[in-house]
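Work through these exercises with the model open. Each task is followed by a stepwise solution.

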Amino acid sequence: MGLLERLRKEWFILGIVLVIAVARLEPTVGVKGGPLKPEITITYIAVSAIFFNSGLSLKTEELTSALMHVKLHLFVQIFTLVFFPTAIWLFLQLLSITPINEWLLKGLQTVGCMPPPVSSAVILTKAVGGNEAAAIFNSAFGSFLGIVITPLLLLLFLGSSSSVPFTSIFSQLFMTVVVPLVIGQIVRRYIKDWLERKKPPFGAISSCVLLMIIYTTFCDTFANPNIDLDKFSLIIIVFIIFSVQMSFMFLTFLFSTRSNSSFTPADTVAIIFCSTHKSLTLGIPMLKIVFAGYEHLSLISVPLLIYHPAQILLGSLLVPTIKSWMVSRQKALKLTRQPKAPVKV
């Protein structure tokens, strides 16, 4: 299956999950004590399974090859973990005077605090032909930074509204994210030849588990009889999310293509996607940990649930345009670097 086909398939499946969760919701599905037992299967087993799977599939040798591109890594991590949440916070100060649901606005802030994803940014960078190694490194490294920085950002911008002690946040994240990932990498060392020969469907496995997490989160959101989600606020939030993505993609493009930036066109492609995409795989479990027991968790989760499929859809639509720019830019740079033929007298 091609890269773009895979992205479109994921977008289509996410849409189906949303429709099912909203239209055919069982009251006991996705809530504590329901048949899926999400307080156990989702919080611990599903999240651990995703990162164990990532540990098995992640090729560390590909990451080490991009390690020395320090300037690019600093740009991506500062943009996504410093500039992004700060800009959203300033923007929300203006939106706070509007009638938009305040918990959806807080959800937008949580989106800004999330680390880059491990999958979509890499897939889109590869589809364009950009610096895939840099995309892989920044996605993985950003996820590790997010384990520490994202909870701090959430508490900084949203306050200490969490009912979970600060130490519990890190201990649970460590046990469900870091430990399974490390174990996966260790196991990979012993079965590396078998993995390369059989090529297990790691992407399909992670997608299935992630869809289960998304489904239960949608159920938590829309099964709540006390949820105050008006259509006006939801439509405005969707519009804001697409606008934010387009604006930030344009900003990263401008910054990374300046004459003194020293980034290649392939680097720019990786920067555009890695700096503006946000992780749902790490984000939803983290919100469930940081805001466990919080009555407005469902509403806070909605913007992130929208942002993820929106970044896949928007990114896949822009792939041909970005690829055309990159190819033409590379040809122009190649021509300027060719030595001029000596003039015959």
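**Exercise 1. Aromatic pairs**

How many aromatic pairs does the structure hold?

Solution. 
- This is a predicted model, and the structure holds eight aromatic pairs.
- One of them joins Phe79 and Phe83, with 4.9 Å centre to centre and 35° between the planes.
- Planes under 30 degrees apart would count as stacked and those over 60 as edge-to-face, so the rest are tilted. The Phe79 and Phe83 pair is tilted.
- Both Phe79 and Phe83 lie in helix α4. They are four residues apart, about one turn of the helix.

**Exercise 2. Confidence**

Find where in the chain confidence is lowest and where it is highest.

Solution. 
- Start with the whole chain: the mean pLDDT is 75. Of its residues, 67% reach 70 or more.
- Helix α1 (residues 3-23) has the lowest confidence, at a mean of 49.
- Helix α4 (residues 70-95) has the highest, at 92.
- Check residues 16-31, where pLDDT stays under 50. For this stretch the model has 29 contacts beyond four places in sequence.

**Exercise 3. α4 against α11**

Classify the packing of α4 and helix α11 (residues 265-276), using the angle at which their axes cross.

Solution. 
- The two axes come within 9 Å and cross at roughly 25°.
- Angles under 35 degrees count as roughly parallel. α4 and α11 are therefore roughly parallel to each other.
- The crossing of these two helices, α4 and α11, is right-handed.
- From α4, the contact uses Leu72, Phe75, Val76, Phe79, Thr80 and Phe84. From α11, it uses Asp267, Ile271, Cys274, Ser275 and Thr276.
- Sort the α4 and α11 contact by class: seven residues are nonpolar, three polar and one charged.

**Exercise 4. α4 against α10**

Now describe how α4 meets helix α10 (residues 231-256).

Solution. 
- The axes of α4 and α10 come within 12 Å. They cross at roughly 135°.
- α4 and α10 are therefore oblique to each other.
- The handedness of the α4 and α10 crossing is right-handed.
- α4 supplies Phe75, Phe79, Phe83, Phe84, Ala87, Ile88, Phe91 and Leu95. α10 supplies Ile240, Val244, Phe248, Leu251, Thr252 and Phe255.
- By class, the contact of α4 with α10 has 13 nonpolar residues, one polar and no charged.

**Exercise 5. α10 against α11**

At what angle do α10 and α11 pack, and which residues meet?

Solution. 
- The angle is about 145°, with the axes of α10 and α11 9 Å apart.
- The α10 and α11 crossing is right-handed.
- Phe248, Met249, Thr252, Phe253 and Ser256 come from α10. They meet Thr268, Ile271, Ile272, Phe273, Ser275 and Thr276 of α11.
- The residues of the α10 and α11 contact divide into six nonpolar, five polar and no charged.

**Exercise 6. Ser48**

Which residues does Ser48 touch, not counting those up to four places away in sequence?

Solution. 
- Locate Ser48 in helix α2 (residues 38-57).
- Ser48 touches Met175, Thr176 and Pro180.
- Take Met175 from that list. Ser48 and Met175 are 127 residues apart along the chain, and their C-alpha atoms are separated by 8.0 Å.

Conventions: Residues numbered from 1 in each chain as written. Predicted model: local features only at pLDDT ≥ 70, side-chain atom pairs only at ≥ 80, totals over all residues. Heavy atoms only, no water. pLDDT = per-residue confidence, 0-100. Contact = heavy atoms within 4.5 Å. Axes fitted to C-alpha atoms, helices over the stretch in contact; angles between N-to-C directions. Parallel < 35°, antiparallel > 145°, perpendicular 65-115°, else oblique. Left-handed = near helix turned anticlockwise from the far one by under 90°. Nonpolar A, V, L, I, M, F, W, Y, C, P; charged D, E, K, R; others polar. Phe/Tyr/Trp six-rings, centres within 6.5 Å; stacked < 30°, edge-to-face > 60°.
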